[in-house]
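I opened this model to go through its sheets and some of its helices. My notes are below, in the order I looked things up.

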Amino acid sequence: MKSFLSNVVTDILTQKKVATHNLIFVLPSQRACVFLREEIIKQLTTATFLPQIKSIENYIQELAEVKQIDTIQLLFEFYSVYKTHTIKDKHDSFDTFSQWATIVLQDFNEVDRHLLDTKDLFTYLRDINRLENWNPTTEITKKYFSFFEKLHLYYDEFYQFLLSKKVGYQGLIYREAESNIQHYISNNVDKHIVLVGFNALNKAEERIFQELLQSGLASIYWDADESYLKTSKESGMFLRKYKKEWNYFHNNPFNWMENHFNSEEKNIHFISTTKNVSQLKYVGELLQKKQNQNNTALVLADESLLSLTLNSLPNTVEKINITMGFPLSDIPLAGFFNNVFQLYLNQEKLGVIDKNLFYHKDVSNLCSHSYFKKLLNDKTIKSSSKIGKANLIFLSEKNISEIFKEVESTNFMDFLFKKGNSTVEKVLQNCIAICKELKEISNGIEREYVYRFFTVFQQLKTLNEKYGHITNLKTLHQFFLQVSKNEKLSFQGEPLEGLQLMGMLETRVIDFETVIITSVNEGVLPASKSEKSFIPFDVKKHFGLPTYQEKDAIFSYHFYRLLHRAKNIYVLYNTEGDAYGTGEKSRFLTQMEIERTDIKHTIVSPKVTINTKELQEISKTDLVIEKLNELAKKGLSPSALSTYIYNPIDFYYQKILNIKDVNEVEETVAVNTMGTVIHETLEQLYTPYLDKFLTEESFKKMFSKVEGLVGENFKKVYVNGDISKGKNKLIFEVSKKHVNRFLKQELQEINEGKQLKIIGLEKKLSAKIEIESLNFPVKLHGIIDRIDQVDGVTRIVDYKTGMVQSSQLRMTDFSKMSDDYKYTKALQVMLYAHLFIEETNFDISKPIEAGIISFKNLNSGFLKMNFAEGRAKDHIISEEKINEFLVELKRIITEIFNPEIPFLENPNKAF
């Protein structure tokens, strides 16, 4: 395969219009310059100086004698001009300005690249705005109206301001280059410019190229194919226009129009896949089958998939050249600095900056980051568990010092947590200092990461020292995100060997034998129609500015041009539409299907394997048996038995391995905390009346104490928590309401003539149970919330802050207790009743009941154990019922301690 560049070099060297060193090649991209240079070296037969080879951007800067500045500096310069020409109390903050100024600068750029009469355009826009907002009444519409009135002023002043410094944005440079073209031609009569591989030109490029061609100073080579140049296809839209309209082509040939696409045999595959991951996995398989990746291009239509692509390449790819840069925002170090910003931004947002307090999640996120650990010399600090244990929603500098007391004092800790470090100047200074510390402990590519972030912060620091526009952290963070998104880490590689991993624009002018293109979907190739601009679509069409229609034609050309000389073509697209991308294949593929009949279609879908989850099973080893024996002596509680019924594996983790739940910061009062507060409050309220009959006077005294006791108990239980506002205030009020409602309900019973006597509160009880199959007794223990007597009937009462239904306490068959978790509440109160009877030698012939008071179901009153079927009621716990309960209880305990029965995961547990 002879490439387009090879043909161009052959033709130029054959013509010998000027000496080789007087040739100037101008190409669309820097990447194309590398390939052209190699082609020239191959074809030169004698020793000579190489010609100049330049990208169009560099060439235009040379013509204009103006240097291009980066977007961030441009924004700073523009704000200076904007402030100068806007009334002081009317101009936007830099934060607000930057959000619309980037769009304005894009419009300025397009206007200048296409050499529009700016006075006409901005007057046109102003007049449209006057018609639409002829009587602005609100402040927003007035500002919008004023913006369009001054837009031309901003443009003129900014243009002259930049020109005076000999710097500018791309459009300005193009406009200046076009005005300097005659001067350039007269000073370079001994040169010959070769324009290679262009397609869609802006108006400035059109005029520059035509002037060069008409003067005889230049030649131009197009890479065009008959398949779209001789038809009405959008891919040939620009080339057809130039061929028809340029005077130069009325007397000179149009070089070149060839016929590669339809006349040559090609191996074309359209591959539909589900999701982006499937595409890249399939690409990996294709490359693995290919022994030699030379002259092969992997083109990512969606460049955001670069990271995923690199992780999907097979080991057989020995050499690779990556023409795309890797965004700094995708590097882990960006996440670290983002966490640093969040640390201070939330200080400001939550109003704790004056106290120098830090939100616990920000501290935990920062401490868990790999670069934070690196700065601690890879020491692991269990910060989250320490913060959770103390329930520190906000951490002071002292709290942080205590958490990190095991770590030797390091400078970076002072950078982060010292008071006064959250100003713009300090944050920039400290981020630079952290970069310097990281440089000393980083190697290889990590050191390159650190260096790039060092330059980002240094640039922001320098710009802010010069202009002073960044006055708050929010704006600084916004610019950090913008810079890290736009700045890219360049890869080093051999540009002429191995696999070429490229974006679509990097493929311009370059030919490959094998081409693999991914994400060829609508909305990606071509891109979506959405454009950010202050110039409406119809105004753009009127003044000849490019719209999405022209951009579609540009990408159509790039797509078809890439396939001109390729022999093996693999085009992949995603069939699944979701929030991350469209599932519609590109219209370019539909066009190809109409034109060619030799396309092979492949459907790729991942193999779906049904993984039957095996239930976890843990055998009872000697060590486990030993732990169980210790547990038998220590005692089993009702909650431990409930855990076993729910899932024996959870029982194993909690009781055998002693794995506790992770301590987490409780920002909002948890249900169990609320339950503890209510339990504590009721105990304190009823304690003075132990062994006494309650009276109306008793309840009056209790009502007066409710609010104070609930508040005190929250302070005691909800450590370092704030119940004065938000959800916690509501939970505090609900807790009071629960207690007051319960007291009112009991008072009503007293007023109805019932005799209520408190026998015990939070009573700790225990008893041993003998089981024939075990050669040791098992201790059972529990704490009964309340024991009382109502009209001579002893009651075992358990408080529940959650919802409990009477059906959960209906038990006609005790064997159900171990089969269904909902009956564990019945197990719990029955066990409490058994412990009470055993420890107090209670006369079972006397009436005794057991049940639950549910604060979410207080209207149902005391929910009692019911042993009757249907609608009948049988609440009295008899000796017969206790014995029936003990049979099932012993069966459960025997199963727990039986060495032959493993701990087996419950398949019916609720997740």
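Predicted model: local features only at pLDDT ≥ 70, side-chain atom pairs only at ≥ 80, totals over all residues.

**Entry 1. The seven-stranded sheet.** I looked up the strand order first. Seven strands form an open sheet, ordered β11-β16-β10-β17-β18-β9-β19, and their pairing is parallel. The edges are β11 and β19 (599–604), each of which pairs on one side only. From one strand to the next the twist averages 15°. I also checked helix α27 (residues 587–595), which lies across β9 (267–273), β18 (568–574) and β19. The helix α27 runs at about 135° to β9.

**Entry 2. Strand β16.** I then asked how many residues of strand β16 are buried. Five of the five are, over residues 499–503, so the strand is largely enclosed by the rest of the structure. Side chains in a regular strand alternate between the two faces of the sheet. In β16, Leu499, Leu501 and Gly503 point one way, while Gln500 and Met502 point the other way, and all are buried.

I looked up the partners of β16 next. Strand β10 (residues 296–300) pairs with β16 in the parallel sense over five bridges, and Thr296 stands opposite Leu499. Strand β11 (residues 320–322) runs parallel to β16 and is joined to it by three bridges. Two of the bridge partners I wrote down are Ile320 with Leu499 and Asn321 with Gln500.

**Entry 3. The four-stranded sheet.** This is an open sheet with the order β2-β1-β5-β6 and parallel pairing. The edge strands are β2 (52–55) and β6 (218–221); each has a single partner strand, so one side of each is left without a neighbour in the sheet. The twist averages 20° from one strand to the next. Strand β1 (residues 23–27) runs parallel to β2 and is joined to it by four bridges. I recorded Gln52 in β2 as the bridge partner of Ile24.

Helix α2 (residues 30–43) packs on this sheet, touching β1 and β2, and its direction makes about 160° with that of β2. Helix α3 (residues 56–64) lies across β1, β2 and β5 (192–196), at about 100° to β2.

**Entry 4. Helices α4 and α23.** I checked how helix α4 (residues 71–84) packs with helix α23 (residues 444–467). The angle is about 10° and the axes are 11 Å apart. The two helices are therefore roughly parallel to each other, and their crossing is right-handed. On the α4 side I listed Ile72, Gln73, Phe76, Glu77 and Ser80, which meet Gln459, Leu463, Asn464, Lys466 and Tyr467 in α23.

**Entry 5. Helix lengths.** Helix α26 (residues 548–563) has 16 residues and should span 22 Å at 1.5 Å a residue; its end C-alpha atoms are 23 Å apart, which agrees. Its buried residues include Glu550, Asp552, Tyr557, His558 and Arg561. For the 19 residues of helix α35 (residues 879–897) the span should be 27 Å, and the end C-alpha atoms are 26 Å apart, which also agrees. Among the buried residues of α35 are Lys881, Phe885, Glu888 and Ile892.

**Entry 6. Asn7.** Is Asn7 buried or exposed? Asn7 lies in helix α1 (residues 4–15). Its relative accessible area is 19%, so I put it down as buried, the cut-off being under 20%. Leaving aside neighbours within four places in sequence, Asn7 is in contact with Lys2, Trp256 and Glu258.

Note on methods:
Residues numbered from 1 in each chain as written. Heavy atoms only, no water. Buried < 20%, exposed > 50% of the residue type's maximum accessible area, 1.4 Å probe, protein only. Pairing = 2+ DSSP bridges. Expected span 1.5 Å × (residues − 1). Contact = heavy atoms within 4.5 Å. Axes fitted to C-alpha atoms, helices over the stretch in contact; angles between N-to-C directions. Parallel < 35°, antiparallel > 145°, perpendicular 65-115°, else oblique. Left-handed = near helix turned anticlockwise from the far one by under 90°.
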